[in-house]
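Here is a short report on one protein model.

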Amino acid sequence: MGGDNGNEVSGRRGGAGWFRPAAPHRICPLTSPVPMNRVLDPPPVEPVDRPQPDPAVAEAARPEGAAVAPEIPPRPSPATGRPRSRRWPYLFRAVLALLLIPGTVLAGAEIATPPVAGAPALVAAIDREHGSAPIPAEPSWRVSEAIVAAEDGTFYSNKGIDAPGVGRALWGWFTGVDEGGSTITEQLAKVLYTGGRTGVTDRVAQVALALKLDGHFTKPAVLSMYLSAIYFGNGYYGVLAASEGYFGLSPDRLSWAQASLLAGLPQAPSRLDPLQHLALARQRQSYVLDRLVATGVLTWAQAAVAAAAPLDLR
């Protein structure tokens, strides 16, 4: 029996049905292969709509007497904040240039313009050419006070130029409308050195020369030269020729009516000639009288008397 069992066992082991090799491992291919270098996008996240607290409910739940916390405004996002303006550096440079350029131009004009020590000789030459003579005018003369009030109210306090007046004069040059504004000293420089021209370079030269004249001569000397050199119309150069020609009087004897009329003529001597255009000359006289009141030289009552007084023109 034992042999039979052994043969049976050995027959089972050696038979074809005893050992069956395992089937080979098969790898099922993926239906949608994913490349190894691909980054998968995360799934979208739905925003959570959180309910906002009801202000009425919060107010009802707040204990009585408790302080209300101040509402803190949200901080602006850096991305949505206001961008910094880049115009300010350019505006600063423009303003700086506007301040530096006039000073540079004026410094060059002071070097380019002639000295002013010979100004009295130039005044004498103008009067001699027109049959007149210079005269040392007194500041207390009525005609002197009227001229200062009408032409340059800051004459005794300025340095020969007036910054607002220079600005108005340049604006008048650009627009073609004469805004006036030149000081007595600038007008003297215009008559003596620039031939009465009003171009930009002439204006700059007049400012530079006015500074020189004011630094070299006293105010009474500048006023005397101005009164002796300017044109009063009807062929009269200088206050001496004008006062004698229009009224038959010396300048120191003129009344307020005569002095105020004479002081208004240099603005437009031919158009305001009292012998040809008395109505226009009277209108200008009213302006001069108003200026005399504004500067405190006359009262309104005195100005009214002067406006109604006879002129006694020759």
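## Fold

From the N terminus on, the elements run α-α-α-α-α-α-α-α-α-α-α-α-α. That gives 13 helices and zero strands; helices (H or I, at least four residues) and strands (E, at least two) are DSSP runs, numbered from the N terminus.

Contact means heavy atoms within 4.5 Å. Among contacts with a separation of 6 or more, 65% join residues 24 or more positions apart.

## Model and confidence

This is a predicted model: local features need pLDDT of at least 70, side-chain atom pairs count only at pLDDT 80 or more, and totals for chains, interfaces and linings use all residues. Residues are numbered from 1 along each chain as its sequence is written, and side-chain values use heavy atoms, with hydrogens and water left out.

Mean pLDDT (the predictor's confidence in each residue, from 0 to 100) is 79, and 59% of residues reach 70 or more. Over residues 1-19, pLDDT stays under 50. The model has two contacts beyond four places in sequence for that stretch.

## Helix α10

Helix α10 (residues 239-247) is largely enclosed by the rest of the structure, because seven of its nine residues are buried. Buried means under 20% relative accessible area, exposed over 50%, partly exposed in between (1.4 Å probe, protein chains only). The cover includes α5 (142-151), α9 (219-229) and α11 (256-263). Just after α10, Gly-248 takes a positive phi of about 70°.

## Nonpolar core

A nonpolar core is a set of buried Ala, Val, Leu, Ile, Met, Phe, Trp, Tyr and Cys residues joined through side-chain atoms within 4.5 Å. The largest has 55 residues. Leu-188, Phe-232, Tyr-246, Leu-262 and Leu-292 touch the most other members. Tyr-246 is also one of the buried residues of α10.
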